[in-house]
2 protein chains.
Amino acid sequence: MKPFDTIGIIGTGLIGGSLGLAIKRAGLARRVIGVSRHADSITRARRMKAIDNGSLNLSIMGDADLVILAAPVETIIRIADKLKAVLKPGCIVIDTGSTKEAIVRALSRTFPLFVGCHPIAGSEKRGIANARADLFKGALCIITPVRTTDRAALKKVKRFFETLGARTCTLTPVAHDTILASVSHMPHCLAFALINAVPAAWLAYAGSGLRDMTRIAASDSKVWEEILCTNKSAIVRAIGAMERQLRAFKLAIARADTKTLRRLLVQAQQKRQRLA
Amino acid sequence: MKPFDTIGIIGTGLIGGSLGLAIKRAGLARRVIGVSRHADSITRARRMKAIDNGSLNLSIMGDADLVILAAPVETIIRIADKLKAVLKPGCIVIDTGSTKEAIVRALSRTFPLFVGCHPIAGSEKRGIANARADLFKGALCIITPVRTTDRAALKKVKRFFETLGARTCTLTPVAHDTILASVSHMPHCLAFALINAVPAAWLAYAGSGLRDMTRIAASDSKVWEEILCTNKSAIVRAIGAMERQLRAFKLAIARADTKTLRRLLVQAQQKRQRLA
């Protein structure tokens with residue numbers, strides 16, 4: 001018997017579509033159904049066999065034993081009540097949002113069997129066209145249970161991601177948002193700010209360094225607006241830490257303080273080597 | 001007949017070694033000779049056939065018709081007088097340094113046939129072990145002639161890089177340093193500062209975004225200390241521009257000013273798309 005009869009995916013984009021492909025490859029459900037606001041995303045997801053059935057309408061989710069919310073952060077929060085009205089009792093609900101405090105606070109109230117999740121597997125690419133069955137292989141999935149989280153549902157969700165090849169760990173929603181502000185949200189702001197800081201006419205002289213550093217600046221602006229607005233204080237703090245480090249470089253360079261500069265450079269080089 | 005009889009390379013690392021391999025593949029010289037401070041770099045360069053002969057001693061360069069200085073910026077400047085004493089008349093001298101004003105000012109005085117060059121083809125990898133014959137294929141080589149530059153030598157050097165598969169353009173040393181401060185030197189500072197700003201214990205939660213953004217932070221610290229110290233004012237200005245952009249993001253996020261945030265994000269996304 002499959003772990004789930006029917007799994008529903010809301011948002012058949014890069015993450016949702018990849019989850020569909022991975023679920024089917026791993027044999028985790030008899031049937032995968034999908035909901036999207038875009039008819040062509042559903043058509044394409046069906047053609048790629050990421051889902052068996054799709055709809056523009058949430059009511060299709062009435063069959064699901066597990067529903068995965070793989071939409072932008074604010075969409076996830078906005079559709080919760082409407083989704084609740086169609087779900088059958090016992091349905092587990094998870095999400096894949098990039099910020100967790102706002103989502104977990106809202107959805108833990110709405111759904112008795114909600115588990116907040118964040119598989120760290122996105123990229124600047126988006127849409128079902130870029131979906132891959134192996135997107136979660138070796139990726140880390142952060143699960144953010146709270147005091148009220150159902151332990152059986154939590155265990156099932158943990159096993160679900162591990163079956164897809166992901167590693168899992170648990171963090172509180174606050175710890176998740178604080179850490180991700182530093183390792184993901186602030187670096188995204190940096191990439192956006194960097195490409196904005198370079199005069200357009202000079203881009204022709206860029207090497208692979210600038211290309212790599214600004215790759216994520218091509219990320220979807222709507223998705224990122226929602227991430228930045230649902231994790232404000234942690235991101236502002238992380239940008240503050242970044243500003244202090246950058247100012248240290250600026251001062252050391254301006255003063256030709258080679259001793260300080262060497263210390264900062266060696267620290268960076270050694271720390272980067274730990275990030276295999 | 002080959003364009004050059006003997007080409008000498010000073011510094012048989014990533015750039016120097018790759019030049020040796022590329023010169024031999026393109027048949028640009030009858031013989032390639034190399035100088036390094038490290039005996040094993042010479043041994044390895046000979047074994048890889050990047051050079052035919054190598055020495056720890058500059059005097060070997062007395063045979064060369066073209067000498068390429070592929071060493072760190074300050075080393076290039078430091079050894080100029082010693083090199084001048086051994087070169088034969090008519091020998092063209094070029095360099096591959098990442099900053100041009102300091103080098104061109106010093107070396108234009110020392111060598112009658114000096115042409116400043118900067119092939120934009122490095123990476124965070126270094127050493128002869130990473131040398132590749134195709135490193136310059138499709139790369140841009142910026143040539144920085146000044147009023148006193150010999151026109152025949154300039155033409156020959158331009159053709160030299162184009163034969164290796166590079167595109168060439170000319171800029172004044174000041175324009176080169178201003179532009180490169182923005183598209184390369186400041187972004188390197190950003191990568192160094194970013195990895196220093198992220199608490200070490202949180203690196204385990206990093207995705208591909210942080211990895212890509214800090215890849216160049218693994219660059220050689222000695223090389224970068226010299227680049228940063230020989231292009232101080234332009235880099236300090238470029239960091240200033242970056243600080244203003246980052247502050248704009250911080251303020252928009254802190255104020256939840258979604259209108260400004262959206263404008264900044266869309267600008268970044270569209271600008272990044274132009275950087276193919």
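## Helices 10 and 11 of chain A

In this model, which is predicted, the residues A:Q245, A:A248, A:F249, A:A252 and A:I253 of helix 10 of chain A are in contact with A:T260, A:L261, A:L264 and A:L265 of helix 11 of chain A.

For helix 10 of chain A and helix 11 of chain A, the latter spanning residues 258-274, the axes come within 8 Å and cross at roughly 145 degrees. The crossing of helix 10 of chain A and helix 11 of chain A is left-handed.

## Helices 7 and 10 of chain A

Helix 10 of chain A, which covers residues 232-254, also packs with helix 7 of chain A, which covers residues 173-197; their axes come within 8 Å and cross at roughly 65 degrees. The crossing of helix 7 of chain A and helix 10 of chain A is right-handed.

On the side of helix 7 of chain A, the contact is made by A:D177, A:T178, A:A181, A:S182, A:H185, A:M186, A:C189 and A:L190, while helix 10 of chain A contributes A:A234, A:I235, A:R237, A:A238, A:I239 and A:M242. The residues of the contact between helix 7 of chain A and helix 10 of chain A divide into 9 nonpolar, 3 polar and 2 charged.

## The corresponding helices of chain B

In chain B, helix 7 (residues 173-197) and helix 10 (residues 232-254) pack at an angle of about 65 degrees, with their axes 8 Å apart, and the crossing of helix 7 of chain B and helix 10 of chain B is right-handed. Among the residues that meet here are B:D177 and B:H185 in helix 7 of chain B, and B:R237 and B:M242 in helix 10 of chain B. The residues of this contact in chain B divide into 9 nonpolar, 3 polar and 2 charged.

## The two domains of chain A

The domain assignment of chain A gives domain 1, residues 4-171, and domain 2, residues 175-272. The C-alpha centres of domain 1 of chain A and domain 2 of chain A lie 30 Å apart, and the contact takes 16 residues from domain 1 of chain A and 17 residues from domain 2 of chain A.

Between domain 1 of chain A and domain 2 of chain A, an area of about 1400 Å² is buried, of which carbon and sulfur atoms give 63%. In domain 1 of chain A, the residues that lose the most area to domain 2 of chain A are A:E74, A:T99 and A:E124, which together give 38% of what that side buries.

## How the two chains are related

The same surface serves both copies, since 99% of the contact residues of chain B recur in chain A.

Technical notes
Residues numbered from 1 in each chain as written. Chains lettered and ligands numbered in written order. Predicted model: local features only at pLDDT ≥ 70, side-chain atom pairs only at ≥ 80, totals over all residues. Heavy atoms only, no water. Axes fitted to C-alpha atoms, helices over the stretch in contact; angles between N-to-C directions. Helix = DSSP H or I, 4+ residues; strand = E, 2+ residues; numbered from the N terminus. Left-handed = near helix turned anticlockwise from the far one by under 90°. Contact = heavy atoms within 4.5 Å. Nonpolar A, V, L, I, M, F, W, Y, C, P; charged D, E, K, R; others polar. Domains from an automatic or database assignment. Buried area = accessible area lost by both parts, 1.4 Å probe.
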